[in-house]
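Reader: I would like to go through the pocket and the ligand of this model. Please keep the answers brief.

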Amino acid sequence: MLAQVVFAVWAVLPAYLPNSSAALFGGGKPIDAGKTWKGRRVLGDGKTWRGTFAGVLSGSLLGLVMNYVNSVFGLGFPIFSVSVLVLLPLGAMLGDLVASFVKRRLGKERGRAFPLVDQLDFLVGALTLVYLFNYSWSVQNLGSTELVILFILTPVVHLSVNVVGYVLGVKNEPW
Ligand code: CTP
Ligand code: MG
């Protein structure tokens, strides 16, 4: 069981890092350029080009390092192909953007909590992209057991990481 948890987390770790990197390196021009739709921001000031690029890049680089460690030490974890190296962090950032779009439509200001959506948007985005564009890698490494594990574990991990980020002053809210 523990081995399966470690395996599942390994397979999506490049999708876990982008949120933290975006919070660390984000800032500058918002993606929606300040535009509103029906009186509310399209995405809000919390979604910037710099944060998004930093997120995708850091996730891909992490995946590369993980591939290296995995093969050098013969750990037998999933190897990320080039497409997966991009799809996981890109999907994570896109899922987060979609969630902000929905939050603004629901009248939630930037930074307001949206329980479960804030914690799972990036996982759903990453899984959607990787299943859509690299189905064989996805079914091979992320079966139903792994998916159940990830949907239970991710909100816990996400909240814990954000509380640490909040205490360190990197994040404005602990969620
Ligand atoms: N961030 C960014 N670009 C992104 C995602 C995040 O620059 N694509 C940065 C922003 O500085 C943001 C912080 O990371 O404030 C935390 O991200 P998140 O919690 O997703 O944004 P919120 O500010 O809470 O905004 P929202 O309500 O839209 O989720
Ligand atoms: Mg937030």
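Reader: How do the residues of the lining of the largest pocket divide into nonpolar, polar and charged?

Author: This is a predicted model, where local features need pLDDT of at least 70, side-chain atom pairs count only at pLDDT 80 or more, and totals for chains, interfaces and linings use all residues. Residues are numbered from 1 along each chain as its sequence is written, and side-chain values use heavy atoms, without hydrogens and water. A pocket is an open set of points on a 1 Å grid over the protein atoms alone, where a 1.4 Å probe fits, with protein on both sides within 12 Å along at least five of seven lines; lining residues have an atom within 4 Å of a point. With Ala, Val, Leu, Ile, Met, Phe, Trp, Tyr, Cys and Pro as nonpolar, Asp, Glu, Lys and Arg as charged and the others, Gly among them, as polar, the lining has seven nonpolar, 12 polar and 11 charged residues.

Reader: Which element gives the largest share of the lining of the largest pocket?

Author: Helices are DSSP runs (H or I, at least four residues) numbered from the N terminus. Elements giving two or more residues to this lining include α1 (2-25) and α2 (49-72). The largest share, seven residues, comes from α3.

Reader: Where does ligand 1 sit?

Author: A molecule sits in a pocket if more than half of its atoms lie within 2 Å of the pocket's grid points. By that criterion, ligand 1 is in the largest pocket.

Reader: Which residue has a polar backbone atom 2.8 Å from an oxygen atom of ligand 1?

Author: The side chain of lysine 103 has an N or O atom 2.9 Å from an oxygen atom of ligand 1. The backbone atom at 2.8 Å from an oxygen atom of ligand 1 belongs to glycine 111.

Notes: Chains are lettered from A and ligands numbered from 1 in the order in which they are written. A polar contact is a pair of N or O atoms within 3.5 Å; within protein, one must be able to donate a hydrogen and the other to accept it, and residues adjacent in sequence count only if both atoms are side-chain atoms.
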